[in-house]
Amino acid sequence: MGETLIKDYGSKGRKGYSLPKLDVEENEIGKYIKNDYIREEDAALPEVSEVDVVRHYTSLSEMNYGVDSGIYPLGSCTMKYNPKINENIARIERLTKLHPYQPEDQVQGSLEMMYVLKKHLCEISGMDALTLQPCSGAHGELTGLMIIDQYFKDKGEKRNKVIVPDSAHGTNPASATMNGFEVIEIESNERGMVDLDNLKEVIDDDVAALMLTNPNTLGIFEKDILAIAEIVHEAGGLLYYDGANMNAVMGYVRPGDMNFDVLHFNLHKTFSTPHGGGGPGSGPVGVKEFLAPYLPVPVLEKEEDSYYWDYDRPKSLGKVQAFYGNYNVILKAYSYITALGAEGLKATTENAVLNANYLKHMLKGEYELPYEENSFHEFVLSGSKQKEKGVATLNIAKRLLDYGQYAPTIYFPLVVKEALMIEPTETENVSTLDRFIETLLNISREIKEDPELVKHAPYNTEVRMLDEAQAARKPDLRW
Ligand SMILES: Cc1ncc(COP(=O)(O)O)c(C=O)c1O
C-alpha cells in the first residue's frame, strides 16, 4: 500500500514546531491533576516535522477522488461541483459563532436569511409553506410522511398504505415503513413510467400517499403526472414529491403545479453542498396551505420588519431536529440561489439536461439503452451486451477508475439489469464529457478484444478489486 504511516515518518526528537523560551515559572502537572490520571510514559505520538505532516496528508488526499478531482457521474446523487464562494460564506466567523439559544433580537439577520430562503424554495417548488428543519432527503421524507399521517389522523381517517413505484429510491419505501405505513410497490410500464392501470388497481381509501420523483430515477419525466395526481386525489390520498431530482426541472416546472401536496428538497444536492459521505445535509419540506398547520415547530414567521419563531402551533407534529435546521447547508443554499437568481437556476437545469442527453446520445450505440424516452438530468444504460462477454457492470465501473475517472451508480434502479445510471450534472464542460465518453467507448472495445483485462480491473488504484461484502462487514481499519 502506497503511503507510509505518519508514525513511520518520524524519528525521536523531531519536531514540527518551535516555541519561544518559557517566560513563566515552570510548574509540575501533578499539582493540578491527580496522579492516577497522569501517564507514566509519554504517549507514543509520531514525532514529525511540518513538512512530513504536509506530505503525508497531501499524499493521502491524492489517493482519494472527489468532485474537485474530476467528473463524478453518480446517478441519483447529483455530485456536482459547488462554487467555493458558498463555502467561504458558510465559514464567515460571525455566522459560524452564532448560538441557537441567542435571543431572536440578536440574530435578526440570520433569521431573515432563513426566511428569504424559505420564500425562494416555496417559489421554486410551488408550495405555500416550508420547514428547514430536516437534515437530509430521507429525514425530509420521514417528516413529510409524518405530516401526511398527522393530517389524516386529524381528519379521523385511517390510512395505512403508501404507494411507491419500483424505480423509486430506496429511502422512499424505508421512510414509509419507518412511519408505520404498509408499502405498496407498483411496477413501471415499458416506457419506465408509472402505469396508470397498475395505479388504479392498487389505489383505495387506505392509501395515504403516492411517493414519486419527477423526473423519476430513470431520468424520465412522468408525462401523466396530472392524471396520476387526479387518481390519487380522487381516492382521498395525497401526492408526495421526492425533490432529489430538482436540478432537472428547476425554473421550468414546479411540483406544486403538478399537484403534489408535500415535497422535500435535497439542498445538499441541488443547492451547493457536496453530497455524500454521510453529511452534512438538509432536506427542507414544503407543503400546500392545508398542510401548513402540521409543519414542525417552531415555524419562522415575519411581523412587520422582524422575524420570530412561532411555537404556538397546536396541530404541529412537534420537532424533528434539535434546533432549526442544518445552518451551514442552509446558508450555502441561500448564497447559491441568491448568486444565480432565477435565470441562473434555469440555466442550471438546461445544462444538467443537455449534458445528460449528450452523453446518452454518444453512448447508446455501444451500451444498451433500455428506455428510449427523452431523458432529463440522468439516464440509465445497461451493460448486458458486455455481460454476454463475461464482463459485469461492476468490472466496467472498476475499469473507469483505472482511467482516473469516477464510475456511475451501478445496479440501480433495480428495474434495469446491469444498470449504469449516469448523471453528469450541469457543472461538467464538453471536454470533460468527451473524455468520459471516450473512456467508456474504449472500455467497451477492450471488452470485445480482451474481456479478461477488464474483468480484473482496477490496476492503477491504491487497492485492487476488493471483496466488497467482506470490506463492508469486516473493514480493515488497523495498521
Ligand atoms: C431520488 C432520491 N431520493 C431520496 C434520496 C435521499 O436523500 P439523502 O441521501 O439526503 O437522505 C436520494 C439520495 O441521493 C435520492 O437520490
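Contacts in the protein chain with a separation of 6 or more are made up, to 71%, of residues 24 or more positions apart, where contact means heavy atoms within 4.5 Å. This is a predicted model, in which local features need pLDDT of at least 70 and side-chain atom pairs count only at pLDDT 80 or more, whereas totals for chains, interfaces and linings use all residues. Residues are numbered from 1 along each chain as its sequence is written, and side-chain values use heavy atoms, with hydrogens and water left out.

**Overall architecture**

- The protein chain contains 16 helices and 12 strands; these are DSSP runs numbered from the N terminus, with helices being H or I of at least four residues and strands E of at least two.
- Its C-alpha trace spans about 80 × 70 × 45 Å along the principal axes.
- Of the 479 residues in the protein chain, 48% count as buried, a class defined as under 20% relative accessible area, against over 50% for exposed and partly exposed in between (1.4 Å probe, protein chains only).

**Ligand site**

- There are 13 residues around the ligand, and Ser76, Gly137, Ala138, Asp242 and His268 come nearest; a residue is near a molecule if one of its heavy atoms lies within 4 Å of it.
- A nitrogen atom of the ligand lies 2.5 Å from an N or O atom in the side chain of Asp242.
- An oxygen atom of the ligand is 2.7 Å from an N or O atom in the side chain of His268, and an oxygen atom of the ligand is 2.9 Å from a polar backbone atom of Ala138.
- Taken alone, the ligand exposes 390 Å², and the protein buries 90% of that.
- The elements giving two or more residues to the shell around the ligand are α6 (137-155) and α10 (267-270), with α6 giving the most, at 3 residues.
- By residue class the shell divides into 2 nonpolar, 8 polar and 3 charged; Ala, Val, Leu, Ile, Met, Phe, Trp, Tyr, Cys and Pro count as nonpolar, Asp, Glu, Lys and Arg as charged, and the others, Gly among them, as polar.

**Two loop residues**

- Ser76 is placed in the loop between α2 (50-63) and α3 (84-90) and counts as buried, at 7% relative accessibility.
- Not counting residues up to four places away in sequence, Ser76 touches His169, Thr217, Lys269, Glu378, Phe412, Met421 and Glu423.
- Glu428 is found in the loop between β12 (419-422) and α14 (430-449), and Glu428 is buried with a relative accessible area of 12%.
- With residues up to four places away in sequence not counted, Glu428 touches Ile71, Asn355 and Leu433.

**Strand pairing**

- Strands β8 (residues 299-303) and β9 (residues 306-310) pair in the antiparallel sense over 5 bridges; two strands pair if DSSP finds at least two bridges between them.
- Leu300 stands opposite Trp309 in β9, and in this hairpin, with 2 residues between the strands, Glu304 takes a positive phi near 50 degrees.
- β10 and β12 pair in the antiparallel sense over 4 bridges, and Ser382 stands opposite Ala419 in β12.

Conventions
A polar contact is a pair of N or O atoms within 3.5 Å; within protein, one must be able to donate a hydrogen and the other to accept it, and residues adjacent in sequence count only if both atoms are side-chain atoms. Accessible areas come from the Shrake-Rupley method with a 1.4 Å probe; for residues, only the protein chains shown count as cover.
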